[in-house]
Amino acid sequence: MEMSDIIFYIIAFVIIAGGVLAVTSRKIFRSAVFLLISLLGIASLYFFIDFEFIAAVQIVVYVGGIVVLLIFSIFLTHGSGADMPRPAPLRMVFSLLSVALGYALAMLFIREEVFVPSTLPAASLEVSSIGAQMLSTTEHGFVLPFELVSMLLLASMIGCIVIAIKIKLPPHPIVNDADEDAADHSLNQPLQTN
Amino acid sequence: MGHIGLLHFLTISCALFFIGVYGFLTRRNLITMLMSIELILNSVNLNFVAFNKFLFPHKLDGLFFTLFIITIAAAEAAVAIAIIINLYRNFRSIDVEDADNLKY
């Protein structure tokens, strides 16, 4: 067994263990940290097969962006570090069963398929060639999806602000729980009389 | 690169995908469900990069797909967290079972 194989198996173990702990840990903050470890493992797999640019993007966007956003929202919505309730046993059993069967089926397909490795010379993976192809308007250019994605990012940014903004109306203060129950009651009333 | 081939990468990404599916099925908390979705998206990214590396090294298509998936995942996570925070304001909880106003 070569050194690179050992490194690969260590990375694989980190990814899988991080993923399993992220979906089974009952403390939500620990869950987020295990997700971070798993995402870092995937970034190191990208380094392992020499896709340095994707690895850097993975670290910047996922570790620096999404996980930090998740941790912020955990702090905003979970006052105390209380344990999450355990999932219902029946749901856990059936989820495990379906996941195991799905994994077995997918692995069966993967093992039966014959993949022909390419012998063609590898394309340049430098950032300059990636950038040139991304913004090229010729046949294999990606300028249209690039522009579409920039529009999507702008739209989602505005959408996030509109959804999360808190509008205070002075004459009608934000409904508290009691008002909400009353509103529920008045909503249910016509249904019952009809 | 030793004996590490496409099959190893596909095994890892397959396992990661189904770990994410398991989390999505068992968790009832919106933030942890979002984490499961991130795991699923990452397994897909790993698949794209591995296929690009081992089967089509003369092209960069898998790399570009991965880049765009990462971008869209970031946008999706931001919108989802905005919705989660809005939901928390209205229900004081982010459990999916608590938001049942449209159920009856």
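**Close-up views of chains A and B**

**View 1. Chain B meets chain A.** In this contact, 70 residues of chain B touch 81 residues of chain A. The model is predicted. Together, chain B and chain A bury about 7,000 Å². Carbon and sulfur atoms account for 77% of that area. Three residues of chain B stand out here: Tyr22(B), Met35(B) and Phe68(B). They supply 9% of the area that chain B buries against chain A, more than any other three residues.

**View 2. A salt bridge joins Glu97(B) and Arg91(A).** The closest N and O atoms of Glu97(B) and Arg91(A) are 3.7 Å apart. How many salt bridges are there between chain B and chain A? The count is one. Polar contacts also cross this interface: ten residue pairs are found, with both residues at pLDDT 80 or more.

**View 3. Helices on the chain B side.** Which elements of chain B give two or more residues to the side that touches chain A? They are α1 (6-26), α2 (30-54) and α3 (61-91). Of these, α3(B) gives the most, with 23 residues. Sorted by class, the side of chain B that touches chain A has 45 nonpolar residues, 17 polar ones and eight charged ones.

**View 4. Two buried cysteines, one from each chain.** Is Cys160(A) buried or exposed? Its relative accessibility is 13%, so Cys160(A) counts as buried. Cys14(B) has a relative accessible area of 7%, so Cys14(B) is buried too. The cut-off for buried is under 20%. Over all chains, the structure holds zero disulfides.

Note on methods:
Residues are numbered from 1 along each chain as its sequence is written. Chains are lettered from A and ligands numbered from 1 in the order in which they are written. This is a predicted model: local features need pLDDT of at least 70, side-chain atom pairs count only at pLDDT 80 or more; totals for chains, interfaces and linings use all residues. Side-chain values use heavy atoms; hydrogens and water are left out. A disulfide is a pair of cysteine sulfur atoms within 2.5 Å. Buried means under 20% relative accessible area, exposed over 50%, partly exposed in between (1.4 Å probe, protein chains only). Contact means heavy atoms within 4.5 Å. Buried area is the accessible area (1.4 Å probe) that two parts lose on being put together, summed over both. A salt bridge is a side-chain nitrogen of Lys or Arg within 4 Å of a carboxyl oxygen of Asp or Glu. A polar contact is a pair of N or O atoms within 3.5 Å; within protein, one must be able to donate a hydrogen and the other to accept it, and residues adjacent in sequence count only if both atoms are side-chain atoms. Helices (H or I, at least four residues) and strands (E, at least two) are DSSP runs, numbered from the N terminus. Ala, Val, Leu, Ile, Met, Phe, Trp, Tyr, Cys and Pro count as nonpolar, Asp, Glu, Lys and Arg as charged, and the others, Gly among them, as polar.
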